[in-house]
Amino acid sequence: MGILHRRQTNLAGINVAAMSEEDLRRLVREILDDKIHGICFSPYVEGQGPGTQIGAAQIRERLAFIQEHCHWIRTFSCSEGNELIPAIAKEAGLKTMVGVWLDDNREQNEIELTNAIEIASAGHADILGVGNEVLLRGELTEDELIDYINRAKAAAPGVSVGYVDAYFEFEVHPRITEACDVILANCYPFWEGCPADYALLYMKEMYRRAVHAGNGKKVIISEAGWPNIGTPERGAVPSFENAIKYFIDTHLWAEEDGVEVFWFSSFDETWKVDAEGDVGAYWGIWDKDGNPKYG
């Protein structure tokens, strides 16, 4: 009997902290073979990043690494070839949270929104995530963001429309929360310096706060993750052990409590070091070449 089967029949009986590295790796393999809810997906390979034009062949090649291990993917953009991802994901039997990248480039925002509406109209979007941390970055006003959200809702009836940001932004921006069909909350104990031993408890509190702010609306954790290499963020230390245990703990909790989580991320992405430092390159379940890091 595998660890996964024992987990399904007795979640409380799994003591992740006491498991050997071999058992941790085996459990990750079983979890991924059984499929997690969702994975954040960017199709970039080494040397690429935002600004790179992506083709369908590369998307299919990168998607092939992960498509048998999740039910949903989340994308981040509807331009530069990323607009091709949802249809290809649907071919693979995946559900899609389609990201509409917004920032202070209003002209580019219109391209993103137009493409997203076309994707939704074609039946390739199950959820539209209109904007990602644009309030946290201070690039749009509430009114501007609400306008984009409302335009997406009007143009894509029947598709759930939400906005992605740090969980606490939905507390301080109730008008944004009200405009959303679904609350898409990023929950990162790591970036708030939480030691790994307390990370799951802290994420549960983040989720609780988003649920309270949502006032009855569905809440999805749109990003959660832990890096395995890099500079510590105060008490939060990147390491193989911390990353693999946080992945397992998050999955066990989400499955037991019926919480939908999109893991960040599918692959290690070197381009992210520009914004996040060395730690930015090591959030993937797979490394930059598609090799499994934990299973």
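Residues are numbered from 1 along each chain as its sequence is written, and side-chain values use heavy atoms, with hydrogens and water left out. Because the model is predicted, local features need pLDDT of at least 70 and side-chain atom pairs count only at pLDDT 80 or more, whereas totals for chains, interfaces and linings use all residues.

Helices (H or I, at least four residues) and strands (E, at least two) are DSSP runs, numbered from the N terminus. Strand β4 spans residues 127-132, and six of its six residues are buried, so the strand is largely enclosed by the rest of the structure; buried denotes under 20% relative accessible area with a 1.4 Å probe, protein chains only.

Strand β4 pairs in the parallel sense, over four bridges, with strand β3 (residues 95-100); pairing requires at least two DSSP bridges between two strands. In this pair, Gly99 stands opposite Gly129. Strand β5 (residues 160-166) also pairs with β4 in the parallel sense over four bridges, and here Asn132 stands opposite Val164.

Helix α5 (residues 106-121) forms a right-handed unit with β3 and β4, and helix α6 (residues 142-155) forms a right-handed unit with β4 and β5. Right-handed means that, with the strands pointing away from the viewer, the path from the first strand over the helix to the second runs clockwise.

How values were computed: Buried < 20%, exposed > 50% of the residue type's maximum accessible area, 1.4 Å probe, protein only.
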